[in-house]
Protein chains: 2
Amino acid sequence: MKLYDTAPAPSPRRVRMFIAEKGIDIPVVQVDLRGGEHLKTEFMKLNPWCTVPVLELDDGTCISEAIACCRYLEAAFPEPPLMGVSPEEQGIIAMWEHRVEWDGFIAGSEVLRNTAAGMSGRGLTGSKGYEQIPELALRGKQRIQKLYEMLDQRFGESEYLAGPDFTVADITCLIAVDFARRQKLEIPDDCANVKRWHQQISQRPSAKV
Amino acid sequence: MKLYDTAPAPSPRRVRMFIAEKGIDIPVVQVDLRGGEHLKTEFMKLNPWCTVPVLELDDGTCISEAIACCRYLEAAFPEPPLMGVSPEEQGIIAMWEHRVEWDGFIAGSEVLRNTAAGMSGRGLTGSKGYEQIPELALRGKQRIQKLYEMLDQRFGESEYLAGPDFTVADITCLIAVDFARRQKLEIPDDCANVKRWHQQISQRPSAKV
């Protein structure tokens, strides 16, 4: 098995952190996104959607989309569980994971891809180019502010995002928050609960990989 | 257990179809989205993200986000499996489900919410209003065309979206395609494989619920 990864990109970091929490070791192949390696025929055979991460299994099966890589790994390496055990846990974790992916991760992408000069013509991932939409970047910033508010309420009542245990929802949320912070959308000073949680999760060894 | 639903909306249809495929019976409560019931305090106690579907369990636990409702139901009612059994199946199904949610469902929402007069100030779900961005609707249409191309290739090599069996990925894909068709983004004539698959899936009794 190997992981196609791009070190600075937020999506593959989700899978690296998940792997580190599982305590397993998977060789990594770096994909040069800046050089357009993900848009070349060879990479598109692995993932026609042209994104990292991709998990290539020993039989050549390729799994892309960060949450799908995590789903495979959770089933193949169940301990420690990061996606819940009981039906209720599984549902609640999937709910929070999906919320922060959409309102954090996707919103952060809307900001980056619609403002960065290097992303001109790359408003979305994939082989088809899309022009930047400046209003979408502004909307993305508003979404991140709203998410911080919602998260502050949540972390006022729960130690981790999906309940009393650390889960994949915390991984997605940490990386969404760090992605926003890289774009100068810092955790607001009045969101003390988010700051507490962010500091706590950032100290895990898996947050450094 | 009960399901908070809005009959014409695409997201709760994903959960209704999933429930029908499981052969279970869950009472339904209609939420009046047009009347703004989802933005009122009472509903926001169930789901502060103000969206349907919401699955309310007998102990009052609420699970929202369509894929999270499915995840709960899959674990609580494993037969027939709709999200895979082996780690590989689970990963591949999650990958396709996520791809069509993003490039079909979200793209369809971009078209609807940024064009429909009734969606003015409602560019995104949730309690915070967002103005419409006409360019985003245009981009959404391009995304749907690209998705049809990608799907046509896939359905040329696979009976169902994620492999030889019907899964939740087909549910999300069917409803994404039907959502696009309601917005006059019909399956293109040169996408015969998508048409074959769409006709086949639409004949399932669960597609009518």
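Visitor: Against which elements do the buried residues of helix 1 of chain A pack?

Guide: Some conventions come before the reply. This is a predicted model, in which local features need pLDDT of at least 70, side-chain atom pairs count only at pLDDT 80 or more, and totals for chains, interfaces and linings use all residues. Residues are numbered from 1 along each chain as its sequence is written, while chains are lettered from A and ligands numbered from 1 in the order in which they are written. Helices (H or I, at least four residues) and strands (E, at least two) are DSSP runs, numbered from the N terminus. The buried residues of helix 1 of chain A pack against strand 1 (2-5), helix 3 and helix 6 (168-182) of chain A.

Visitor: How many residues of helix 1 of chain A are buried?

Guide: A residue is buried if 20 or more other C-beta atoms, placed from the backbone, lie within 10 Å of its own. In helix 1 of chain A, 12 of the 13 residues are buried, among them A:R13, A:F18 and A:K22.

Visitor: What is the reach of helix 1 of chain A from its first C-alpha to its last?

Guide: The expected span of a helix is 1.5 Å times one less than its number of residues. Helix 1 of chain A reaches 19 Å, close to the 18 Å expected. Just after this helix, A:G23 takes a positive phi of about 70°.

Visitor: Which domains does the assignment give for chain A?

Guide: Domain bounds come from an automatic or database domain assignment. For chain A it gives domain 1 (2-76) and domain 2 (87-208). Two residues are in contact if their C-beta atoms, placed from the backbone, lie within 7 Å. The contact between these domains takes 13 residues from domain 1 of chain A and 12 residues from domain 2 of chain A. Helix 1 of chain A gives the most to the side of domain 1 that touches domain 2, with seven residues.

Visitor: What rotation superposes chain A on chain B?

Guide: Copies are superposed by least squares on the C-alpha atoms of residues with pLDDT of at least 70 in both. Here a rotation of 180° with 0.0 Å of shift along its axis superposes chain A on chain B, with an RMSD of 0.0 Å. The two copies are thus related as by a two-fold rotation axis. The same surface serves both copies, as 100% of the contact residues of chain A recur in chain B. Of the residues of chain A, A:L136 comes closest to the axis, at 3.9 Å (C-alpha).
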